[in-house]
Amino acid sequence: MNASKEHILLVSLSLFLQKSFKEVTMKEIVEKTGLSKGAFYHYFSSKEELFIEIIRTYFLKIMKVDYSRFSKKSFRDFYCDYINYIISAFEKLKTELGDISDEDDINYFVLAFDAMRLFPGFKEEIKEVHASELASWEQAVSSGKASGEIRSDMTDRQIAGMFVYTNDGLGLRLIMEGRVKQMEQEMLTLWDSFYNQIKV
């Protein structure tokens, strides 16, 4: 990605994390980037175009996990790799942004809700990502059953859902409580407890 374009995206994301989409003005974005209006408009014709690019670059990109990179040795290794990926992806983003506080974490998800409200096609993209995510977890569960690592009367999809949906719920709860730094340990403890109930 072009350095100037990436600079605009990161500065704008930082602003959107501190305020809502409606509150941030184009004038403010241009001033904060330190670029001329002409240079800015070379990359983005409107605040809406900029916003949806931010959502695609810094929200969807993290959500579109490449599950093929995760361990296939065991189901536990698979979900540990997932936890490591999510934590490192968010830490990398926070490092790139530099000046956001833990209080801004909740706004990261507020941006996604704004995008669903403002851009009709975005909700469908999220649905596709969620369907792919559940299918990938289901495949990992199926592999765990096939190898004899786990056994349960629950279907592969039900077990996958337990991991995916607890991730969603616990993640939001910790963000709302300002305890994001505890996410890795809380998630691992919860998932290990459930895993111990289904492992052979």
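1. Which residues line the largest cavity of the protein? The lining consists of Tyr82, Ile83, Ile86, Ile87, Asn167, Met183, Glu184 and Met187. These positions belong to a predicted model, and the points below should be read with that in mind.

2. The largest cavity has a volume of about 40 Å³. Two helices, α5 (75–97) and α9 (183–198), each supply at least two residues of its lining. The largest share comes from α5, which gives four residues. The count for the protein is two cavities of 30 Å³ or more.

3. A word on how such spaces are found. Rolling a probe the size of a water molecule over the atoms shows where empty space is left. A cavity is a space where the probe fits but cannot get out, whereas a pocket is open. The next two points concern a pocket.

4. The largest pocket holds about 820 Å³ of space. Its lining is made up of 35 residues, and the closest to the pocket centre are Phe59, Phe90, Tyr108, Phe109 and Ile175. A student can find these five residues in the structure to locate the middle of the pocket.

5. Which helix gives the most to the lining of the largest pocket? That helix is α5, with eight residues. At least two lining residues each come from α4 (47–63), α5, α6 (105–118), α7 (120–146), α8 (156–176) and α9.

6. On the overall fold: the protein has nine helices and zero strands. Read from the N terminus on, the order of elements is α-α-α-α-α-α-α-α-α. The C-alpha trace spans about 65 × 30 × 30 Å along its principal axes.

7. How many of the contacts with a separation of 6 or more join residues 24 or more positions apart? The share is 67%.

8. On burial and surface: the protein has 200 residues, and 43% of them count as buried. Buried here means under 20% relative accessible area. The accessible surface comes to about 11000 Å², and carbon and sulfur atoms account for 53% of that surface.

9. On charge: the protein carries 26 positive and 31 negative charges. The mean position of the positive charges and that of the negative charges are 2 Å apart.

Terms used:
Residues numbered from 1 in each chain as written. Predicted model: local features only at pLDDT ≥ 70, side-chain atom pairs only at ≥ 80, totals over all residues. Heavy atoms only, no water. Buried < 20%, exposed > 50% of the residue type's maximum accessible area, 1.4 Å probe, protein only. Contact = heavy atoms within 4.5 Å. Areas by Shrake-Rupley, 256 points an atom, 1.4 Å probe, with all protein chains shown as cover. Lys, Arg positive; Asp, Glu negative; His and termini not counted. Charge placed at Lys NZ, Arg CZ, Asp CG, Glu CD. 1 Å grid on protein atoms, 1.4 Å probe; cavity = no way out; pocket = protein on both sides within 12 Å on 5 of 7 lines; lining within 4 Å. Points joined across faces, edges and corners; volume = space filled by probe spheres on them.
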